[in-house]
Amino acid sequence: MRSLAGQVFLLQFAVVVLLVAATLVALVVQAQRDNMADARNRTLATAQTFANSPGIVAALNSPDPSAVLQPHAEATRKAAGVDAVIVYRLDGITLTHSDPHQIGKHVIGPYAQAAAGKPFTRTFQGSLGLSVISAVPVRAPDGSVVAIVSVPVTVEKVQHRVDRQLPVLFGGAAAALVIAVGGSALVSRRLRRQTHGLGPTEMTRMYEHHDAVLHAVREGVLIISAEGRLLLANDEARRLLELPADAEGRHVTDLGLEEDLPGLLASDHPATDEVYLAADRLLAVNKRPTAPHGPAGSVVTLRDTTELLALSGRAEVARERLKLLYDAGGRIGTTLDVKRTAEELAEVAVPRFADVVTVELLDPVLSGGEPSAANPDVRRVAVVGLYDDRLLYPVGALFRFIPAHPVSRAMQGGQAVLVRDLSADDSWVAQDAVRSRRILDHGIHSLLAVPLRARGVVLGAVDFWRGRASPPFDEEDVSFAEELVARAAVSIDNARRFTREHTMAVTLQHSLLPRGLPEQAALDVAYRYLPAQAGVGGDWFDVIPLSGARVALVVGDVVGHGLHAAATMGRLRTAVQNFSGLDMPADELLGRLDELVSQIDAEEVTAGEDGQGIAGASCQYAVYDPVSGQLAIATMGHPGPAVVHPDGSVDFPPVPVSPPLGLCAGLPVESTELNVPEGSRLVLFTDGLVEDRDRDLDTGLATLRAALTGPDRTPEATCARVMDALLPERPTDDIALLVARTRCLGPDRVAEWQVPLDPAAVGPVRTACVRRLTEWGLEENVFTAELILSELITNAIRYGGEPVSVRLLRDRALIFEVADGSSTSPRLRRAKATDEGGRGLFLVAQFAERWGTRYTGTGKVIWAEQSLHGGATPGAEGLGEILLGQWEDTAL
C-alpha cells in the first residue's frame, strides 16, 4: 500500500464506497418519498372514486346507510389496497369502517375543510395509528355536502413497502460496490505494472532524475525499442548526433547517422566502449539490453572521446609497454644459456618495440669469463626481424666497433645512445660504409643502442632498429629500452656466471673421472658417461686392475649437482682407488668408505657447512677373478648389476643392498659371489639410466632388459644400444654405464704348487717354475723369476705358516703368488750394514714391476708382477751391483 498504485486503489475504494452509500441512502429516501406520494394519491383517488360513485347519495338517505355502504366500502378497500374506506356524516357519526366496532361512533377530526366542500390529504393520528388520510366530500345533486369519505393508509404499511424494497436496493449497492472495487483493482494493477510498484516519493524522484537525464546529464542517452525505433533521446544525445526535432519514434536508420553506428543501434548485440565516428566526433558507445528490467529494447550511452584521443593513445602505448615488460619477465631467462637468453631478449622486442634487434656481447662473456675493457671485441649472438643477412653482421661474427659508433659510445659511457635519423648522422657510417648504405636503402632510419650492464659491468650492447613503417625513437623509448635491457642483463649475467661455474665444474669433473681405461686382460670394457642438463653431477665409474689378474669395477653416485658434487665424487673415487690398492674384499672396502663418508659429514657439520654433506651417496664395488670366473660384489644404496649370459639372456642377480654411504651406522656390509661364465657381459649403471621423473624404476629395468637381450655384442655396441633405448631427451640426472665382457685364464696359463714348510723345498719348486716358463717360451724371464720366487718362498717358509702354496699366472705380465697361513705382512726396509738378512724383498721390489700383499680368509698372499715386454733381465753382474749398492745408501 506504500506504492502509488496501492494508494490510488485506496482512494478509488473510498470514493466508490461513498458513492454507493450516498446512492443507497438517496434510493431509500426516494423510495420512502415515492411510497408516501403513492399513498396520498391512492387514498385521494379511492376517496374521490367512492364519494362520486352512483348511488352513494341514495344510500346515505336510506334508512340504514351503513348496511348499504359497508359492503361496498370493504370491497373498495380491498380493491384499492387501503386500510379503510370511512364514510362520516357531517355530524361526525361513522357510517362505514374497516373496524365494525367503530361504526356509529362519533369521530372528531380535521374534516372541516372537507365539510366545506374541499378535499384534502394529510397525515393524521387516527384510530388506525399514524396514517396518510385523504378526505373528499360527498355532494347531493344540489351541490350540498351531505357526507365525507375518508380513506386512510397507515405510515407503517407505507414503511413496510419500503422495507420490502431495501434488499433489492442493498443487493444492487453491493453488486455495484463489487464491480467498482474490481474495476479499481484492475486499474491499480495496471498502474502498478506501469509504475513498477514505486511510491509517490520514488515516482517524483524518478521523474526528477528523468528530467536531469534529459536535460542536465552531459552524456548522451538513447532508448531504442526492439524494432529499432528511437523512443527517447536526451539533449546531449541530440547534440552529439545532431538529431532532428522529430527523431523520437523514427527508425534509427532514418536519422542520418554514419553507416556503422545505425547498424550497432539497430542490432541486439551489446557494446562496451566501442568507438564510432559521428560527424567530426569520436563517440565511445556503450549498449545494454533493457530486458528483463523493462520492455525489450536497449539503452545506449554516448561519450565524446575526441579530446581524449591523444591522451588515450599515449595511455595505450604505456599499457603496451608495461605489458611488454611483463611478458619479458616471463620469456627472458628461461634457460641458463647466454646465447639463448640474448635471443629471447631480441624476440620479445620484435615487432612490439623495434623492427630489428641485434645483440652483441663481449667475447669472454660467452664462455663465462669476466669482460675486460682491454678486449673490446664483441660477438654478435642474436639478430631478430631481419631477413637480409647482408645488411648487418651475421650471428657468430666477431668484430670491434669504432670509437665513434653509437654502440661503442653506449658501451663506453654506460648509457643509451639515440640516433633519431641515421641518414643525418655520420658517426656510424665509418664502421662499414657499404653496409651502412644498404641499411639506409632498406628503409631502416632510426637506431637506439643500449648497453648491457649488470652489477656495474658492461657485458655488451643491444641495438634497436626501426624501419619505414615505424616512427623514429624518442626519449620515452630510451627509458623503456633501458628498463627492458636492464632486466635482460641480469639474466644474461646469471647465465654467464652459470656458464663459468658449469665450465669449472665440468673441468673439475673431467679431471676427476678416468681419462681412459687401464690395461688389463680380464675384461673387455666400454663405458658411457652423460652429465645431466641441470649441471655437473657426482656419478662416477672406475676400472681398477688388482693383483692376481683380477679387476675391480666401480660405479658410484653422489647426491646433487655442481662443484660440490663433482669434488665429492673425486674424493670418493680417490678413496676407492686407495682402498682397492690394499686388496680389501668388496664388503670391507665399502665399509671403510662408509666410515670415511660419515667422518667427512661430521667434520662438515662441525665446520657449519649446512647442506654440503655426502651422506646418501651410493657405490657398487665388484671384483672379477679371471682364474676362478667368480665375481664378488657389494652394494651400498645402489641398483644391482645386470648380467648378460653368453646365450643372450639377461639376469638381474639378487645382490644384498646395504644403506647408502654414511648411513650404515657401523653395521657390516654384505657381499655376494657370482659365477660368471666366460663371454658374459657385466652391466653396471647408475639410477639416472633407468629412472627419471617420467619413468619409474620397474619400467626402466624392463626397458634395460629388452635392450640387453639378444645376440652377443661387443661392450661398445651394447653401450650404444642401451643409450639409444633409455636415454631421455633432457636427462635430469647423471648417467654412468659400464659394460665389461669377461675373459678367463685357462689352465694352460696357470701353474700351482703346494710347498712343504721346509727350506729344502724351495729348490724343487723353483725348478718346476723354470720348466713351466720354458714351456711358455719365456726363457729370458727365468733368471728373474727364479730370484723372485726364491725370495718369496723363503720368506713364507721362514716367517709364515702352513699351508704354503705357489701360483704362477701368465697374463699381460708374469704374476707370482705365494700364499701362507700367516696374517703377518712383510714390509720393505733397507738392511743395516751388519744385518745378514732383510734384503730379499728389496730384491723383489727391484726386479718386479710391482708387488704387494693381500689378505685372504686363511692367511695372506704375497704377490709380484714381472713385465713380459720389459727387455732383458739383469745378469749376475747387474745383480751384484744392486747388492753392493745396499751398503752405500743410508738405512731407511
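**Exercise 1.** Name elements that cover the buried residues of helix 16.

*Solution.* What covers these buried residues includes helix 15 (563–581), strand 20 (618–625) and strand 21 (630–636), where helices (H or I, at least four residues) and strands (E, at least two) are DSSP runs numbered from the N terminus. This is a predicted model, in which local features need pLDDT of at least 70, side-chain atom pairs count only at pLDDT 80 or more, and totals for chains, interfaces and linings use all residues. Residues are numbered from 1 along each chain as its sequence is written, and side-chain values use heavy atoms, with hydrogens and water left out.

**Exercise 2.** Find which residues of helix 16 are buried, and where they lie around the axis.

*Solution.* Buried means under 20% relative accessible area, exposed over 50%, and partly exposed in between (1.4 Å probe, protein chains only). By this rule Ala586, Leu589, Leu590, Leu593, Asp594, Val597, Ile600, Asp601 and Glu604 of helix 16 are buried. They lie on the same side of helix 16 because they cover an arc of only 140 degrees around its axis, taken from the directions from the helix axis to the C-beta atoms. On the other side of helix 16, Glu595 and Thr606 are exposed.

**Exercise 3.** Decide whether threonine 742 is buried or exposed, and list its contacts.

*Solution.* Threonine 742 is found in strand 27 (residues 735–742), and because its relative accessibility is 3%, threonine 742 counts as buried. Leaving aside neighbours within four places in sequence, threonine 742 is in contact (heavy atoms within 4.5 Å) with Ala522, Leu523, Tyr624, Val676, Pro677, Glu678, Gly679, Ser680 and Leu682.
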